[in-house]
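Me: Could you take a close look at one part of this structure with me? I would like to go through a single sheet, strand by strand.

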Amino acid sequence: MITLTIDNRAVTVPRGTTVLDAAASVGINIPALCHMDLKGTCVKNAPASCRLCVVEIEGRRNLAPSCATLVAEGMIVRTNSERVVRARKTVAELILSDHPNDCLTCPKCSDCELQRLVIRFNIRRMTYKGEQSQRKHEETAAISRNMDKCILCRRCESVCNQVQSVGVLGAVRRGFDATIAPTFDRMFKDTDCTYCGQCVAVCPTGALMERDNTDRLLDDLYDPEKIVIAQPAPAVRVALGEEFGLEPGTIVTGKLASSLRYLGFDYVFDTDFGADLTIMEEGAEILHRLKAFLGGDKRVELPIMTSCCPAWVNFFEHNYPDLLEYPSSAKSPAQMFGAVAKTYWAEKMGIPREKLVVVSIMPCLAKKYECEREEFSLNGNPDVDYSLSTRELARLIKRSNIDFMTLPDSDFDTPMGESSGAAAIFGATGGVMEAALRTVYEVYTGKTLPRLEFTDVRGLQGIKEATIDLAGFPLKVCVAHTLSNARILMDKLRAGELDYHVVEVMACPGGCIGGAGQPYHHGNVEILKARTRAIYREDEGKPVRKSHENPDIQQLYKVFLGEPLGERSEKLLHTHYFNKASKSS
Amino acid sequence: MKVSCEALRKVEDICEQFGNAPGELISILHECQNTLGYLPEEVQAVIARKLGVPPQKVYGVVTFYSFFSMVPKGKYPVSVCLGTACYVRGSDKVLEEFKRVLGIEVGQTTPDGKFSLDCLRCVGACGLAPVATIGEKVYGRLNPSDIKKIIAEFEE
């Protein structure tokens, strides 16, 4: 242990701690901007480039960046001396000198880390004026990019490279001309970008944002000709409350349903229903491949890999086009929901397809892109019309004069609003695997599971393994989150060294609860952990906790779909993948 | 402009010479630039593939260092020194005059492929400031009014 003095306070911390973390441990919050460390995950950015976290260290001539300076025995640190405070303010003023400063209309206003520091440092005027950078603007299906607002913190570069191993974003050029851009200054749409959106999740300013669909939704809600239905994802209900000041991890399922109704949705259903459906189809596919394998078919593609996560789908289509037969052909829960809503339900209700608008509320930005995939549409009419993020929904609730805190709880509409606990846990890494195991075990063995929880596949560890005893057959499973961990598995698979039967992959750290459409975590990993705990509480509170026991799912198969992997299921609930390997690289 | 297959094979050979090591990226880029005269997109993509790094990384390095160029240099590459000594003696005005006379910006090459224009920092001849080089030849104590005549020397 190391003892040092920070602002006249004695602090004892382990060797290797940064001055920034040591100060935080005794409640001294040194301002930082480029720095981000989502502890316990691989999300970390520490280039010490913004210089806002500088401190004075006795015996050193220059101010030191506290994020990149390790503690030493007897060190005497001042975080609020006159010299430090002046330097910090000057640095912030210089950042502002090349920033658009259009906060009033900036989509990041009130959630912007630069703005918060300006308020904190009491900067009340623009001290320096100079040339303004003219950089790229782009609007993709999922992400909106306005690089004029970029402060070159390089968090996006860190997540795109170290966390996701996608390698699209990085610094180019130097000095005033420097910017963060894809190869050859291409547009996102011409790169291997997976639209995971983690660059958006960590961007401190409004440079990288989600594409906003709130106005589009309002237009549809105001249109008397249209029937607009909602489907919110599992991870939304454990995070939405944060936008209204509730503790992270507060479950707001009932208020979520009410708020969607008050917004004017004609029917409020649940993506969790689609998640149960996914388990029915994917579970059947797992059993199908497993039985073929056990029957001696050595060519059957194992492991089978989950396919719920649209960024993961983009990732393997771009990087592993030779392995497209391994992922399950099951569509994502949101797309399964859309396909059923626009066929079975629309017919039942007598609503013409073109008048029905299916809107998904997602913790995700890649879902926006997924909605626009051609194969998920019929004659140009998409199964899910478009997707809003958790943040966009929160903005819309505030805009529509709804006091979220006093909303009553209400239930989702039937028949596509009923769901099991297995569906609820889709929102956390390991959740889809656990949900599938609950069903696969019971269908395969014909026995009731003695214990529903598969705790080995839970938690923030990057790659998790477990072996499940399926009536004497050891089923080997693996769960990965973040695409750099997925790459480790895929490289092994390509080399013929991946020894599992079932693999789950989610692109975002922690799974969907850490999705790029969620309320910003601002580097606080406790928020992700609280959401994860809430996901499992939601599961425990459900009367039905296995997908195949959801009565509305059973009914849907009985009256409409027939069997999992049956003709109609194959047509509506399964998809195929494309070779999207980039040609120039 | 299309890079020949032969040139791309040369690039692959250079990567091999350096053991396809990502840590040798800058050395490989130097060698390729010396061999081909420039580093177009296709060349960078080949280097990225050989080294197993994202093309973005290669592009980031190429655009960072002024020695590297993505367009072919002219037959007579012009470099104007903007180092401190040259700058205080008016090399910015010399640069402006080169731009005007050649009709190109810094980093560009004239359409006939004859001249390219770049800036550099100090050629170690501060006593002659302001200084420019054309190919191997050094011109000192330049005045903007000299530029037209100097360029004309090469315009036979």
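Which residue is the bridge partner of I143(A) in β12(A)? Please set that pair in the context of its sheet.

Reply: Happy to! The partner of I143(A) is E210(A), which lies in β12(A). Do keep in mind that this is a predicted model.

Now for the sheet around that pair. Three strands of chain A make up an open sheet, ordered β8-β9-β12, with antiparallel pairing. The edges are taken by β8 (137–139) and β12 (208–210) of chain A; each has a single partner strand, so one side of each is left without a neighbour in the sheet. From one strand to the next, the twist averages 20 degrees.

Let's go through the two pairings in turn. On one side, β8(A) runs antiparallel to β9 of chain A, residues 143–146, and three bridges join them. Among the residue pairs here, E138(A) has R145(A) as its bridge partner in β9(A), while E139(A) is partnered by S144(A) of β9(A).

As background, strands of a sheet pair through backbone hydrogen bonds, in either a parallel or an antiparallel way.

Methods. Residues are numbered from 1 along each chain as its sequence is written. Chains are lettered from A and ligands numbered from 1 in the order in which they are written. This is a predicted model: local features need pLDDT of at least 70, side-chain atom pairs count only at pLDDT 80 or more; totals for chains, interfaces and linings use all residues. Two strands pair if DSSP finds at least two bridges between them. Helices (H or I, at least four residues) and strands (E, at least two) are DSSP runs, numbered from the N terminus. Axes are lines fitted to C-alpha atoms, for helices over the stretch in contact, and angles run from 0 to 180 degrees between N-to-C directions.
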